[in-house]
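Q: I have a structure to look at and would like to learn how to read its features one at a time. Could you take me through them slowly?

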Amino acid sequence: MIDPILSAAEHRPYPLPSRPWIMTMSWHDLLFAHWQVPAEQLRPLVPEVLSLDTFDGSAWVAVTPFHMTRVGPRGLPSIQGLSAFPELNVRTYVTLDGRPGVFFFSLDTPNLPAVWGARIFYRLPYFHAHIKVRFEAEDVRHLCRRIHGPRPAEFQARYRPVSTARIPLPGTLEHFLVERYCLYAVDGDRAYRADIHHVPWPLQEAEAVIEKNTMALASGIRLPDRPPLLHFARELKVLVWAPLRLR
């Protein structure tokens, strides 16, 4: 059965993979908190095989809390207790072989099978964390504390959308930050790309009170002492492909 969102592919910067996708998921109540960071600060923290992708000469780092539902392999029913869980990731933007994508410094979730599976199969730096997501009137309350990892990390914030949703226009900073259709991972001298697909992001402007945030610092990134650029997305369905070894 062909997923309906595969018919919406004109917005992609390159064609859909010819291989079949293997996993689906839906992302909910997602906050993009982006900080502009000097490229020279990030360059030593990103594997050499990946080129930093910059906008007007600056790199960007995002701390992104959200929660997921309907996570599972293609063609199989959702498994209670494994198909819905919260997550928080720290990311920046890179290119390889002309394809812009996302590079993750860390991903935190309380779902241990997801931690093990993503580390083994996708070679992603997942960590086990205690996360609570609560809804307080119009606000989303996200609390994250890493349980196992090389450094402690914690995030506490309350956030909400403050505008109607709109699709980012090509050429804008918002489009550069969110319209990316693959992720990269590097294991030793081996680089991997995992393709993803979704409709264009329905972004809303957001406001947030970030009470504690050491997630980026745990990866060696010192965020600037100024308010981040904030966006919110209520829901987005995503298809995921198996990773490809590139070099």
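Q: Where does R123 lie?

A: First, a word on the source: this is a predicted model, in which local features need pLDDT of at least 70 and side-chain atom pairs count only at pLDDT 80 or more, while totals for chains, interfaces and linings use all residues. Residues are numbered from 1 along each chain as its sequence is written, and side-chain values use heavy atoms, with hydrogens and water left out. Helices (H or I, at least four residues) and strands (E, at least two) are DSSP runs, numbered from the N terminus. With that numbering, R123 lies in the loop between helix 2 and strand 6. Its phi is near 55 degrees, a positive value in a residue other than glycine.

Q: What does R123 lie over?

A: A charge is said to sit over a ring if NZ of Lys or CZ of Arg is within 6 Å of the ring centre and within 35 degrees of the ring normal. Here R123 lies over the face of Y192, at 4.0 Å from the ring centre. In another case, the charged end of R99 sits over the ring of Y14, 4.2 Å from its centre.

Q: Which residues of helix 2 are buried?

A: Buried means under 20% relative accessible area, exposed over 50%, and partly exposed in between (1.4 Å probe, protein chains only). In helix 2, which spans residues 112-122, the buried residues are A114, V115, A118 and Y122. These cover an arc of only 105 degrees around the axis, which puts them on the same side of helix 2; the arc is that of the directions from the helix axis to the C-beta atoms. The general idea is that an α-helix has 3.6 residues a turn, so residues three or four places apart point the same way. The face of helix 2 turned away from its buried side carries the exposed residues W116 and I120.

Q: What covers the buried residues of helix 2?

A: Contact means heavy atoms within 4.5 Å, and the cover includes several strands, among them strand 4 (85-96), strand 6 (126-136) and strand 12 (229-240). Strand 5 (99-109), strand 9 (182-187) and strand 10 (190-197) are also included in this cover.

Q: Do strand 5 and strand 9 run parallel or antiparallel?

A: Two strands pair if DSSP finds at least two bridges between them. Strand 5 and strand 9 run parallel and are joined by 2 bridges, and V102 stands opposite L183 in strand 9. Strand 9 and strand 10, by contrast, pair in the antiparallel sense over 6 bridges. Their hairpin has 2 residues between the strands, and G188 there takes a positive phi near 65 degrees.

Q: How many aromatic pairs does a search of the whole structure find?

A: Rings of Phe, Tyr and Trp (its six-membered ring) pair if their centres lie within 6.5 Å; planes under 30 degrees apart count as stacked, over 60 as edge-to-face and the rest as tilted. The search finds 8 such pairs. One of them joins F32 and W201, whose ring centres are 5.1 Å apart with planes at 75 degrees, so the pair is edge-to-face. F32 lies in strand 1 (residues 23-37) and W201 in the loop between strand 10 and strand 11 (204-213), so the pair ties together parts that are 169 residues apart in sequence. Both F32 and W201 are buried, and ring pairs link W27, F32, F66 and W201 into a cluster.
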